Amino acid sequence: MLAKFIQVVFFGELRSIEIQHLKDKFYTFVFYKFIFIFGIINVQFIDEVLFWLIWFTVIGFLQLVSQLCKDRFEYLSQSPVFLKWNHIYLISLLGSVSGISCSIFVTCLGAGVTSNGYSAFTFMIAECVLLVLKLCHTIVRYCFYLHDTWYGLASPTASQTESLWKRRGPLAYYMEFSFDLAALFIELAHYAHMLVWVWANMFLSVASFMICMQLKVLYQEIMGKLEKHSKYRRVLEFMEKNYPTATAQDLAENSDKCPICWEVMDSARKLPCSHLFHS
């Protein structure tokens, strides 16, 4: 009922891609949490089973809502029309889910510190941290989008928009890179903790095999992002070295339009042949 209420009030009719993402995330979540309960924690009593089922129901619901918020934000950010009330509903839902997630995180942290089962609470804390991190990522991206939208409405000229992009481009890149890498490292540590927990009870099992596979995937993703970032840095250094930013004097001496886009150049790159083009 709560899920239906959230859909009707905040989202309306879901798009096919949103439904597909929800299904994929739900089935993956159920599969891995089933392995976690019966293969890693290896619960023995019904009250423990109920506890973990309730916990994963809550955290899974919040993860599905956060995924839906992310998908809807990406859809709205690409829309040519700024739908004011849709954004208000989505921002309010993001804020509510973030507040609930932070409250759960603080509760788990406090319960873990004051109890003897701190290792078990570490699993719960990791789930909360990953959820909060993904929500913060979406919120920060939303802030960039709203800033760009407001700037575009207030100053719609092409040169001003390009100037803004030049200032915020590296910041947006490093924001994406930092959030993605942080989430991957936390998830890697989370699964490594699971593996240690499993090996403490049984060295070889289906659960340990599944965790090792997931660790391999996460490691490959981390190395892929680091390699991509290294290439980005090399390209950036090459650009700065071979195509330096034109000075104010260069722009004054060549105060004509860009030969590529035919817009007035307020910032430009200088070629080895001394020609300028928009940066």
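## Pocket

A pocket is an open set of points, on a 1 Å grid over the protein atoms alone, with protein on both sides within 12 Å along at least five of seven lines, and its lining residues have an atom within 4 Å of a point. Grid points are joined across faces, edges and corners, and a volume is the space filled by probe spheres set on the points. The model is predicted: local features need pLDDT of at least 70 and side-chain atom pairs pLDDT 80 or more, while totals for chains, interfaces and linings use all residues. Residues are numbered from 1 along each chain as its sequence is written, and side-chain values use heavy atoms, with hydrogens and water left out.

The largest pocket has a volume of about 870 Å³. Its lining comprises 30 residues, and Lys25, Gln63, Gln67, Lys134 and Glu187 lie nearest its centre. Two or more lining residues come from each of helix 2 (16-41), helix 3 (46-77), helix 5 (118-154), helix 6 (158-201) and helix 7; helices here are DSSP runs of H or I with at least four residues, numbered from the N terminus. Helix 5 gives the largest share, 9 residues. By class, the lining of this pocket has 12 nonpolar, 8 polar and 10 charged residues, where Ala, Val, Leu, Ile, Met, Phe, Trp, Tyr, Cys and Pro count as nonpolar, Asp, Glu, Lys and Arg as charged, and the others, Gly among them, as polar.

## Nonpolar cores

A nonpolar core is a set of buried Ala, Val, Leu, Ile, Met, Phe, Trp, Tyr and Cys residues joined through side-chain atoms within 4.5 Å. Buried means under 20% relative accessible area, exposed over 50%, and partly exposed in between (1.4 Å probe, protein chains only). The largest core has 50 residues, of which Phe11, Phe36, Trp52, Trp55, Phe56 and Ile211 touch the most other members. At least two residues of this core come from each of helix 1 (2-11), helix 2, helix 3, helix 4 (84-114), helix 5, helix 6 and helix 7, and helix 3 supplies the largest share, 11 residues. Another core, of 7 residues, lies apart from it and includes Phe144, Ala172, Met175 and Ala183.

Helix 7 (residues 206-242) has 37 residues and should span 54 Å at 1.5 Å a residue, which agrees with the 54 Å between its end C-alpha atoms; the expected span is 1.5 Å times one less than the number of residues. Among its buried residues are Ala207, Met210, Ile211 and His229. Leaving aside neighbours within four places in sequence, Ile211 is in contact (heavy atoms within 4.5 Å) with Ile40, Tyr191, Met194, Leu195 and Val198.

A cavity is a set of points where a 1.4 Å probe fits but cannot get out. The count comes to 1 cavity of 30 Å³ or more, and the largest cavity holds about 60 Å³ of space. Ala207, Met210 and Ile211 are among its lining residues, as are Tyr32, Phe36 and Tyr191. The largest share of this lining, 5 residues, comes from helix 2. The lining divides into 9 nonpolar, no polar and 1 charged residues.

## Two individual residues

Ile6 lies in helix 1 and is buried, with a relative accessible area of 10%. Beyond its neighbours within four places in sequence, Ile6 is in contact with Phe11, Phe61 and Leu93.

Val129 is found in helix 5 and counts as partly exposed at 26% relative accessibility. Beyond its neighbours within four places in sequence, Val129 is in contact with Phe105 and Ile186.
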